[in-house]
Amino acid sequence: MKAIIISILLSGLIMSQQFVELKQTNSSKIIVKFMFKNGSICDPNGKEGITFTTAQLITQGGTGELSFGDIQDKIYPMAASYYSSVDKEVAIFTFQFHKDWIDQFYPIMIGLITNPSLSQTDFDRVKINQLAYVDQVIRASSDEEYSKKALEDFLFRGTNYQHMVEGKSVSVSSITLDDVKNHYKSFFTKNNLMIGIAGNYPDSFIEKLKKDIAKLPNTNPTIPTPPVVKMPDGIDIEIISKESAFGSAIFTGYPLNITRADDEFAALMVANSYLGEHRKSYSKLYQVIREQRSMNYGDYSYIEWYNNGGGNMLPPSGVPRQSNYFAIWIRPVQIAKQLKMQYEELKDVNVGHAHFAIRMALREMDKMIKNGLTQEDFEATRAFLKSYIRLYIKTPGQQLGYLMDSKMYGRKNYIEELGVLLSKLTLDDVNKAIKKYMQIDNMKITIVTDVSEAGPLAESLKNNTVSPMTYSNLVKAGLSEEILSEDAATENFKINVNNVTIVDSKDTFK
Amino acid sequence: MMLAVESYPSDQKIFPYPIYQYKLANGLNVVTVPFDSPGLVSFYIVVRVGSRNEVESGVTGFAHFFEHMMFRGTDKYPREKYNEVLKMTGAGANANTSLDRTIYHMTGNVDYLEKMFELESDRFMNLHYPEHDFKVEAGAVKGEYTKNFASPFQQLYESLLNTAFDVHTYKHTTMGFFKDIVDMPNQYEYSLEFFNRYYRPEYSTIVVVGDITSEKVNALAEKYFSQWKRGDYSVQIPTEPEQKEKKSLHLQDGSIPPFMSMNYKGPAFSDTKIDMPAIDVLNTLLFSENSKLYKKLVIEEQKLRFLGGGAMNSRDPYLINVQASFIKKEDFQYVRDEITKAIEDIKMNGIDDKLLDETKSNLKYSFAMSIDDPDEIANSISSFIYLTGDPESLNRLYALYDKVTNEDIKMVATKYYVDSGLTIATISSDEKGGVE
């Protein structure tokens, strides 16, 4: 069965490369992950996005011996694949190949990591794609992803967590190939590297890898410290106004002084799962906003970064962060312009559903903070999580990723340890964690919406205007007393709005 | 270390695990694949109904909407109770709908497999939702449309299908036309009819993969699904007439990089005819990152940010799709011509035999590396169950890849990659796409 071996190789005076091994002799493939502890926080001022550029250029370029095209020719019959991913504090290269091709693929893999060609033509190609992303794609392809990235920009303003890992328009434009070469030497070194290997590989593979990885730069990188963000005073809202938005996409957040490294995280996890487990209909936010009122496609809450929530059902590995925040994600709700077009009876509405949805989410959270979980809620949610976290590591790639992340948080095996922590929890632990970490009065909110909605919505939020839920007549006719009375209590639920600004979509991420 | 092999061994079935099949008296097929995933099991139900079945006007998007309704409860397990029990199992559970099928899936602790059977059999046989719940749920579908429609690509895709098809139900997306989505709350009676027609054993297959035996699965299937009654409905899908001339459509939107997709009418999926396997081979060698086209247009000339192509397997003839994301919109015509030239060259001269072998190897190693957890395996075989009803189609398709010859490649290039079957869709800041 699957043996987990964690070893640390010490080599040289100050170098400490960490190896994580997950041998699986019944598997036909091999996965290797190179995790550099750098990330976008290492981007120098004015060169934001360069860690991403460097990682992209390594996977989109060649080696000392082979061009990008040569590599594609060689790996084509193998169907081997590799990619990079960059987050705030790490850059990871993942290679996957079938065990039949281990000898042929190895030199390509090691060449890309230790001797990348970093050529001008590959660089031009990478840069033009990165610019298209920061200039256009992030604003135009998914309003919900846009609102999430905009929230990070807002919440972490003035810190090294503010900029998107892809950078911003002006900084990406200024990155040169020499900048990238220097960045590679400074931050992709043998001294800030963890290597993970999973699958069906021989022992000699590890030995060879350990020897060859010594060819990496031997610089000792200075890694900046992740920010400690001050709690906002009141609720600050940025409304991003864009042409032809179809709905209002909402993201909220406030800094959270706890991570997976803390044992108390398990208690907070139960509270968060009860309130807003990602893509689950068992949670409160989903039930009141989507299931009972069908205002949108889903509503969830988070106590750590969740990469690509629109695409992932389970939390992916590879995004360890020390600077954490609590977030609520309200997927796009209807805007007034659409409601007017859809229903004759709603022809007079001025504001769509965003204000009501925010009130409903915060009020639901407030109820949990005030009342805590019941013993029954606690038991059910804990039982769910104890099984559910096993699914986080159902593939060998995810098992390996989670083991490597564990070490970033000073843990050996996060999922195993979390299981134990969950078993030990009491209701009191959870309710104490709620009181300690959850609140609704101070946070930042971003809303991506249509130009026609931005103004009226801003006014409504600024003035805490009563915002009744507007149903079509068909739905309204069947609403229960309970729903109507909850709606009445929600529509004038006071939220602690401090400031509301409207930003033109063209001016975001400046 | 192991000796290298030049290509994937051709003398073995691509799917490395035995597939056990068992048919209940009511026609329900039960498929089990034992897999080494200690304590973990995936439980799928594949219903062979999708947006393809939406033949009546005014009800596009209904198969997908109905997938939502399946979570609205029964008398025994009303919505809240269903959620409560599902939460107890700790499973990851969801559903999704496409052109030809709706799939309901759960992955979780094998100790709860019987509970999963009980929950699923109850809702598949006894679904019962209040009319008000039906009207409310339509709002969530509208919310889904709203989030998807933020993407210009989704907007283009909707118009593309509407242009490329005249009468076949592939004319609309699985989400459906927006006017029909807004009207969904009025279709309660139709929803009852829809359930009555399609949520029947003869349309459905159970798939269980993981730490389990077929005996156990078959016994559970007998216990929980043998009372499910067969239906008698069969749908008549309009046949799409042969396309006679090139079509085009354009979305004026300067908010994303210029984009072009070329869509040729392709064949229906078959695990006995060589056409679709040959098209898969052709698309792989035309549009992979090592292809001549990719190297020229993306790497050397840097006209494109991205180039890709493929054909989705479908029950009726659908589209062979080529996609390109541009640096400059002025290059639309040039790239269109280069792609056409590459295809014409293959029609005349075929391809290099070594490249043909390498492509077959690529397809097979890709698959071999894609199946390392029960969920992925269940998903893989489900995608053949909805096409033919038989999971063994997977093995038959990959056996056909081995038989594809240079002549087959030339044949499919000549038969399907023709301008008279082409629809070109473009996005740019210009008023018109302007591609000939």
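A residue is classed as buried if 20 or more other C-beta atoms lie within 10 Å of its own, as exposed if 12 or fewer do, and as partly exposed in between, with C-beta atoms placed from the backbone. The model is predicted: local features need pLDDT of at least 70 and side-chain atom pairs count only at pLDDT 80 or more, whereas totals for chains, interfaces and linings use all residues. Residues are numbered from 1 along each chain as its sequence is written, and chains are lettered from A and ligands numbered from 1 in the order in which they are written.

**View 1. The loop residue A:Asp348**. A:Asp348 belongs to the loop that joins helix H11 (336–342) to helix H12 (354–371) of chain A; helices (H or I, at least four residues) and strands (E, at least two) are DSSP runs, numbered from the N terminus. Because A:Asp348 has 9 C-beta neighbours inside 10 Å, it counts as exposed. A:Asn442 is 94 residues away from A:Asp348 in sequence and 33 Å away in space, C-alpha to C-alpha.

**View 2. Contact between domain 1 and domain 2 of chain A**. Chain A comprises domain 1 (3–215) and domain 2 (235–507), with bounds from an automatic or database domain assignment. Their C-alpha centres are 31 Å apart. Each of the two domains gives 32 residues to the contact, which requires C-beta atoms, placed from the backbone, within 7 Å. On the side of domain 1 of chain A that touches domain 2 of chain A, H5(A) gives the most, with 10 residues. That side divides into 15 nonpolar, eight polar and nine charged residues; Ala, Val, Leu, Ile, Met, Phe, Trp, Tyr, Cys and Pro count as nonpolar, Asp, Glu, Lys and Arg as charged, and the others, Gly among them, as polar.

**View 3. The side of chain A that touches chain B**. Here 64 residues of chain A meet 57 residues of chain B. H4(A) supplies the largest share of the chain A side, nine residues. By class, this side has 28 nonpolar, 22 polar and 14 charged residues.

**View 4. The largest nonpolar core**. A nonpolar core is a set of buried Ala, Val, Leu, Ile, Met, Phe, Trp, Tyr and Cys residues joined through C-beta atoms within 7 Å. The largest has 150 residues, of which A:Phe105, A:Ala271, A:Ala357, A:Ala361 and A:Ile447 touch the most other members. Both domain 1 and domain 2 of chain A give residues to this core, so it lies between them. Not counting residues up to four places away in sequence, the contacts of A:Ile447 include A:Ser147, A:Ile237 and A:Leu457.
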